[in-house]
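Reader: Hello! Could you walk me through how to read this structure, one feature at a time?

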Amino acid sequence: MVQAIHVAAKFALSDLVASGPKGIEELADATHTHGPSMARILRALTSLGIFAEDTTGRVRPTALSDTLRSDHPESIRPTAMMLGAHFVWGPSGALQETVRTGQPAFERVYGAPFFEYLAGHSDDAAVFNAAMSSSPDYLAAIVGAYDFSKFERIVDVGGGHGLLLAGILSANPRLRGVLHDLRRTSSHCKKVSLETESTSRA
């Protein structure tokens, strides 16, 4: 079902039905997809409670499908798009060989370590970064659950775009923050440290 949810996220089906029930052909037309195949995917998703059908067979949203909307405050759409993406799904299918040999599946499938691969594939990197930065509502819970004010400097290793660090610094303006991650430079990656005293530079 991971791929079915991925397809729903990829084609933004939850966004399309947010305004009201839609027919299968209407959704297929809007997404430029094959009607019968779209019907089968939606039937599978409906069996899980992701979408529902009204009495006329049109697709309507549910509480679960709402979380796949782009504008939902707790949207998991970016995560669904990543988990079903080829650069996650492909290596997952090679798990048996990894267990047998102990060799990383990603490197065997794509010929490079994960982050080195992303550095050379900006579209896939964008999918990964969007998933890592999704559902910003968790920031309030983290900041509220822990007292960061007792520190002078916080280092976020592997912090991506710096969303978490920026949230912590915003709530604790006296702190200094260091975002340490990989950056694409021409055709390769190198480690960089970005030090900041304000959220605008995190």
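This is a predicted model: local features need pLDDT of at least 70, side-chain atom pairs count only at pLDDT 80 or more; totals for chains, interfaces and linings use all residues.

Reader: What percentage of the 202 residues count as buried?

Author: Buried means under 20% relative accessible area, exposed over 50%, and partly exposed in between (1.4 Å probe, protein chains only). In the protein chain, 36% of the 202 residues are buried.

Reader: How many helices and strands are there?

Author: Both are DSSP runs numbered from the N terminus: helices are H or I with at least four residues, strands are E with at least two. The protein chain has 13 helices and 5 strands.

Reader: At what angle do the axes of α12 and α13 cross?

Author: Axes are lines fitted to C-alpha atoms, for helices over the stretch in contact, with angles from 0 to 180 degrees between N-to-C directions. The axes of α12 (residues 138-145) and α13 (residues 163-171) cross at roughly 50° and come within 10 Å. Angles under 35 degrees count as roughly parallel, over 145 as roughly antiparallel, 65 to 115 as roughly perpendicular and the rest as oblique, so α12 and α13 are oblique to each other.

Reader: Which residues of α12 and α13 meet?

Author: A contact means heavy atoms within 4.5 Å. From α12, Tyr138, Leu139, Ile142 and Val143 meet Leu163, Leu164, Gly167, Ile168 and Ala171 of α13.

Reader: Where is Phe51, and is Phe51 buried or exposed?

Author: Phe51 sits in the loop between α4 (35-47) and β1 (52-53). Its relative accessible area is 1%, so Phe51 is buried. Phe51 also has a positive phi of about 80°, although it is not a glycine.

Reader: And what is the phi of His32 near?

Author: His32, another residue other than glycine, has a positive phi near 60°. His32 lies in the loop between α3 (24-31) and α4, and counts as exposed because its relative accessibility is 74%.

Technical notes
Residues are numbered from 1 along each chain as its sequence is written. Side-chain values use heavy atoms; hydrogens and water are left out.
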